[in-house]
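Please look over the sequence and the model below before reading on.

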Amino acid sequence: MSFGLIETTWGVFLCYGVSGLGMVGIGMNVMHDANHGTFSSNKKVNKAFALSLNMVGSNAKIWTIQHNVLHHTYTNIDHADDDINLPKFIRVSPNAKQYKIHRFQHIYIWFLYGLTTIFWITSKDFVSVTRYKKMGFVKERMFPSILKIVGWKLLYYTYALVLPLIFAPVEPLYVVLAFLNMHFMVGLFTTVIFQAAHIVPEADFPLPEDGDKIENNWYIHQMQTTANFAQKSRVLSWFIGGLNYQIEHHLFPNISHVHYKKISKIVRDTAKEFNITYHVQGNFIQTVLNHARYLRDLGKPIPQS
C-alpha cells in the first residue's frame with residue numbers, strides 16, 4: 001500500500017534524513033530550552049514542548065535528571081556527571097582508569113557516538129530510571145514510571161517505523177536501515193556537539209576533596225570545565241540552539257539560548273577582569289579534531305613512575 005508520494009528506496013532514505021535534521025534542530029532549539037524552562041515564560045508551555053523529546057523516542061523526565069541535575073551541577077566530575085559516566089572501554093577523563101583498548105578509542109568512538117540515540121530509544125531510559133530511583137531522583141513508583149516510558153516509546157515506534165513499514169512501497173529491510181541510519185547520524189552529531197564542549201584539552205576534570213567537596217565555587221567550576229567553539233558560525237549556532245556558547249549556557253542555564261551571543265562578550269570581559277580563563281576553540285571542524293586528539297591522548301599509555 002502506498003500514498004504515491006514515496007516510491008523509491010532513496011526517497012525513503014531521504015525522508016528519514018530530513019527527519020533526522022528535524023530531530024537535531026528541534027532537540028537543540030526547542031526541547032533543550034524547554035527542559036531548562038527557557039523556551040517560554042509559561043511553565044506549562046515549557047512542559048509541553050519538553051515532551052518533544054518523548055516524541056522522538058527518549059524521555060524528557062529522565063533526560064532532565066541526567067542533564068539539568070547531574071551534568072550541570074557536577075560538570076566533568078567522575079562518577080557524578082552522567083555525561084562522562086560511560087562504559088569502561090571509553091576513557092574521557094584523565095582521572096578514569098586506563099585500559100589497553102583506549103589507545104584505539106579515537107578511532108572507534110565515532111561509531112559508538114552514532115549509537116547514542118539508538119541506545120536511548122531502546123534501553124537507556126529503562127536503565128536510567130532504575131538507577132535514578134535508587135538515587136532518590138525519581139519519586140514516582142517504578143511500575144507507573146516504566147509504563148509511561150513504554151507508552152511513549154510505542155507511540156514513537158508506531159509513527160516512525162511501523163507506519164512506514166506498512167505504507168512505504170519498498171522492502172521492509174530498507175525502511176529499517178533508513179530508520180537506523182537516521183538515528184546513527186543524529187546520535188553522532190548531537191553527541192559530538194555536547195562532548196566537544198567538555199571533553200577537550202582546555203577543560204578541567206577536578207577531583208573532589210574530602211570525598212565530595214570541590215575547591216572552586218560553582219561559577220568558576222563551570223568556566224574551567226567548559227569551552228565554546230565556532231562562535232563565528234551563525235548557521236551552526238542557529239541550528240544547534242546556541243550550544244556553541246556552552247560557557248554562557250552553563251553559567252546561565254535559565255536564560256534562553258537566543259541571548260548567549262550577546263552576553264558572551266560580558267562574560268569574556270568579566271573573566272579577563274578577574275583573571276579567569278575563558279576557553280574558546282576554533283571552528284567546528286577544528287573543535288572536532290581537538291576532541292579527537294584529546295581522546296587519542298587519553299588512550300596513550302601512562303608512563304610508569
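This is a predicted model: local features need pLDDT of at least 70, side-chain atom pairs count only at pLDDT 80 or more; totals for chains, interfaces and linings use all residues.

Ile-62, Trp-63, Ile-65, Gln-66 and Leu-70 of helix α3 are in contact with Trp-120, Lys-124, Asp-125, Ser-128, Val-129, Tyr-132 and Met-135 of helix α5. By class, the residues of this contact are eight nonpolar, two polar and two charged.

Helix α3 covers residues 60–73 and helix α5 covers residues 116–135. Their axes come within 9 Å and cross at roughly 60°. An angle from 65 to 115 degrees would count as roughly perpendicular; with its own angle, α3 is oblique to α5. The crossing of these two helices is left-handed.

Helix α3 also packs against helix α1, residues 9–36. Here the axes are 10 Å apart and the angle is about 70°, so α1 and α3 are roughly perpendicular to each other. This crossing is right-handed. On the α1 side the contact is made by Met-31, His-32, Asn-35 and His-36, and on the α3 side by Ala-60, Trp-63, Thr-64, His-67, Asn-68 and His-72. The contact of α1 with α3 has three nonpolar, seven polar and no charged residues.

Trp-63 is listed in the contact with α5 and is listed again in the contact with α1. An α-helix has 3.6 residues a turn, so residues three or four places apart point the same way. With that in mind, the reader can follow the positions along α3 that meet α5, including Ile-62, Gln-66 and Leu-70, and those that meet α1, including Ala-60, Thr-64 and His-67.

How many of the 14 residues of α3 are buried? The number is 10, so the helix is largely enclosed by the rest of the structure. Among the buried residues are Ile-62, Ile-65 and Leu-70, and also Gln-66, Asn-68 and the histidines His-67, His-71 and His-72.

Two loop residues remain. His-79 is in the loop between α3 and α4. Its phi is positive, about 70°, although His-79 is not a glycine. Is His-79 buried or exposed? His-79 is exposed, with a relative accessible area of 73%. Asn-275 sits in the loop between α11 and α12, and its phi is also positive, near 60°, in a residue other than glycine. Asn-275 is exposed, with a relative accessible area of 73%.

Definitions and conventions:
Residues are numbered from 1 along each chain as its sequence is written. Side-chain values use heavy atoms; hydrogens and water are left out. Axes are lines fitted to C-alpha atoms, for helices over the stretch in contact, and angles run from 0 to 180 degrees between N-to-C directions. Helices (H or I, at least four residues) and strands (E, at least two) are DSSP runs, numbered from the N terminus. Angles under 35 degrees count as roughly parallel, over 145 as roughly antiparallel, 65 to 115 as roughly perpendicular and the rest as oblique. A crossing is left-handed if the near helix is turned anticlockwise from the far one by less than a right angle, and right-handed if clockwise. Contact means heavy atoms within 4.5 Å. Ala, Val, Leu, Ile, Met, Phe, Trp, Tyr, Cys and Pro count as nonpolar, Asp, Glu, Lys and Arg as charged, and the others, Gly among them, as polar. Buried means under 20% relative accessible area, exposed over 50%, partly exposed in between (1.4 Å probe, protein chains only).
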